[in-house]
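Thanks for coming. I will keep this short, so please have the structure open while I talk.

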Amino acid sequence: MAESDPTLGYLTRRDTEVKLPRPTRVKNKTPAPIQITAEQILREARERQESEIRPPKQKITDYSELNDYRLRKRKEYEDLIRRVRWNVSVWVKYAQWEESQKDFARARSVWERALEVDYRNHTLWLKYAEMEMKNKFVNHARNVWDRAVSLLPRIDQLWYKYIHMEEVLGNVAGARQIFERWMGWMPDQQGWLSYIKFELRYNELGRARAIFERFVLCHPKVEAYIKYAKFEMKNGEIARSRSVYETAVEKLADDEDAEVLFVAFAEFEERCKETERARCIYKFALDHIPKGRAEELYRKFVQFEKQYGDREGIEDAIVGKRRFQYEEEVRKNPLNYDSWFDYIRLEESVGIKERVREVYERAISNVPPAEEKRYWQRYIYLWINYALYEELDAEDMERTREVYRECLKLIPHRKFTFSKIWLLAAQFEIRQLNLKGARQILGNAIGMAPKDKTFKRYIEIELQLGNVDRCRTLYERYLEWSPENCYAWSKYAELEISLCETERARKIFELAVEQPALDMPELLWKAYIDFEISEGEFENTRELYVKLLGRTKHLKVWISYAKFEASAIQEVSDEGMSQEQLELYQLDQRRRCIERARSVFESAVNYYRTSAPELKEERAMLLEEWLEVEKSFGELGDVSSVQRKLPKKLKKKRPLETEDGPTGFEEYIDYLFPEETQTTNLKILEAAYKWKKQKTTSEDE
């Protein structure tokens, strides 16, 4: 008998072995005639997925239906909670639904039940309190916040929201009391700083100083002491600020962030014109901080000595070390443009023009190997920075011009281009008052590699200079290049409108709407129609609507046309007319507008009834809009005639057809119009007549 293993209790190793089934031998190893891939299986599974069934929209008409709806929803939520009691989102939706029904007592009950399930979830507390605040139950909100911060004092967001509410209510003393409760829990730095900012908002400098004292005791870190010292410096307390820095140095001289402290202390003394103190601080820091952590300190010390002393040896040593590191990086990978940027930044900080130019020339010589824009997007900024350096730092305008020229030669414009380079070169020439050169550059850009951005900027420049004819020429070139661009057509017409060239603007709009393809035709037509309305050309506007309806019978077009007719009242001068005559004239105009609007609505209804009977929902929406318009007419409106045409809404079911046959039914809303009701009644009468005739015949036999 096998001995039992002490690590397995009373079982033997044989008892604990996992026995796997013997693999079956495959006899026929030839490939199947039809191969099925994993992609095919996934595609078929996706195609056979059933579409999501969404419930139809419902409208509640009376109080009993509302009560039934509420009872049903509450039962659904309660059943769902019984199943997934731990799911917080279900509780939140339930409470928010009760809130939407204005039943705040029930909503509070739901929130309280949710908190009994999981009171550690701060999201529940936040949403609960927000509900109370949103509905202006201030004392309830205070009660919720107080319980929340008592149970979850480490959640900062609860404190912030509580304090913000009290501050918005103007209860400054209450907000201060809450801050004091919070500080008792020793929160992180942001909590203390929020308390300090709160006191500063109410000019309580003494309180803020006392809080800073407690802050640095709670968080004895470099960042805290620096903030305290800057606070004292900002308020003109130089002696206090120096005392804070000295205390920080005594306590944190060996901290890992001591470099930042020494730099801030030295810069403080430098601002106070105490250069000797600053130099002593730098030397003390360099003696006590390890060299590996003193890079920033060295850099600041070099800048300080450049300004107040002579330490060229230290500067050269530090720069030489970093220069060696960058040379190694660019030697290993000359196409790593980030390394070139860092190297150039180092040389620019030294300020030797010849070395800066040399590094720039070496960097731009590393052209991307492939003529694809994604490889050039980082590289092109080397050229941009080079040109900006020559213009702003070196102040050599000829070299700047040469840099832009060489860059534009290098870019393969037939495959891709960078409009920013063209625009930067043109803007440089404008700054040099060389308008001709700028126009030549932008003209080349449009000729070689036209882009929307280039056209827009060129037109903007010419418009600022007041060259209207050039703007027109540019818009013509723009539209020749991109005739489907509705933005260009609209802007061109706006230009003519601003110049009071009404006929030119109208011709531009006419050309635009005649284009065979447009990217956003609805915006263009709207702009054209608005233009004609603003000019008071109502006949032209009607022609436009008729033309537009010839292209599309969209519901919005019909409604817009009808509303236009309802408001298209011709202005008339009241000279030579009495008040009574003027009122009669206006009433007559109003009636004509109403008749024209009704005519449009009737045409639209006839179209949907005869030519597009399947668009029942659009027809119903049209009738509802017509009803609203008739109501807006007041005494002149004929609401009853439209109400007679309104359809009845019917809830119906239809089978769901799939490849495997019908799988069920879905509910949908159908519309039954008056003429369809009459047809149904006639069919019933006809059937009854046939039945009676058949019965009479059978009795005679």
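This is a predicted model: local features need pLDDT of at least 70, side-chain atom pairs count only at pLDDT 80 or more; totals for chains, interfaces and linings use all residues.

Two packed helices are described by the angle between their axes and the distance between the axes.

Start with helix 9, residues 172-183, and helix 10, residues 189-201. The angle between them is about 155 degrees, and their axes are 11 Å apart. Since angles over 145 degrees count that way, helix 9 is roughly antiparallel to helix 10. The crossing of helix 9 past helix 10 is left-handed. On the helix 9 side, the contact is made by V172, A175, R176, F179, E180, W182 and M183. Helix 10 supplies G191, W192, S194, Y195, F198 and E199. Sorted by class, that contact has eight nonpolar, two polar and three charged residues.

The second pair is helix 27, residues 486-498, with helix 29, residues 521-534. Here the packing angle is about 15 degrees and the axes are 9 Å apart. The cut-off for roughly parallel is under 35 degrees, so helix 27 and helix 29 are roughly parallel to each other. Helix 27 also passes helix 29 in a left-handed crossing. From helix 27, the residues in contact are C486, W489, S490 and I497; they meet P521, L524 and F531 in helix 29. By class, this contact divides into six nonpolar residues, one polar and no charged.

Now helix 12, residues 222-234. How far does helix 12 reach from its first C-alpha to its last? With 13 residues, helix 12 spans 18 Å, close to the 18 Å expected at 1.5 Å a residue. Its buried residues are V222, A224, Y225, I226, Y228, A229, F231 and E232. Which helices cover them? The cover includes helix 10, from the pair we began with, along with helix 11 (205-218), helix 13 (238-252) and helix 14 (258-271). After helix 12 comes G236, which has a positive phi, near 80 degrees.

Last, S419, which lies in helix 23, residues 419-431. Is S419 buried or exposed? Its relative accessibility is 7%, and buried means under 20%, so S419 counts as buried. Leaving out residues up to four places away in sequence, S419 touches K451, K453 and T454.

That is the end of my list.

Key
Residues are numbered from 1 along each chain as its sequence is written. Side-chain values use heavy atoms; hydrogens and water are left out. Axes are lines fitted to C-alpha atoms, for helices over the stretch in contact, and angles run from 0 to 180 degrees between N-to-C directions. Helices (H or I, at least four residues) and strands (E, at least two) are DSSP runs, numbered from the N terminus. Angles under 35 degrees count as roughly parallel, over 145 as roughly antiparallel, 65 to 115 as roughly perpendicular and the rest as oblique. A crossing is left-handed if the near helix is turned anticlockwise from the far one by less than a right angle, and right-handed if clockwise. Contact means heavy atoms within 4.5 Å. Ala, Val, Leu, Ile, Met, Phe, Trp, Tyr, Cys and Pro count as nonpolar, Asp, Glu, Lys and Arg as charged, and the others, Gly among them, as polar. The expected span of a helix is 1.5 Å times one less than its number of residues. Buried means under 20% relative accessible area, exposed over 50%, partly exposed in between (1.4 Å probe, protein chains only).
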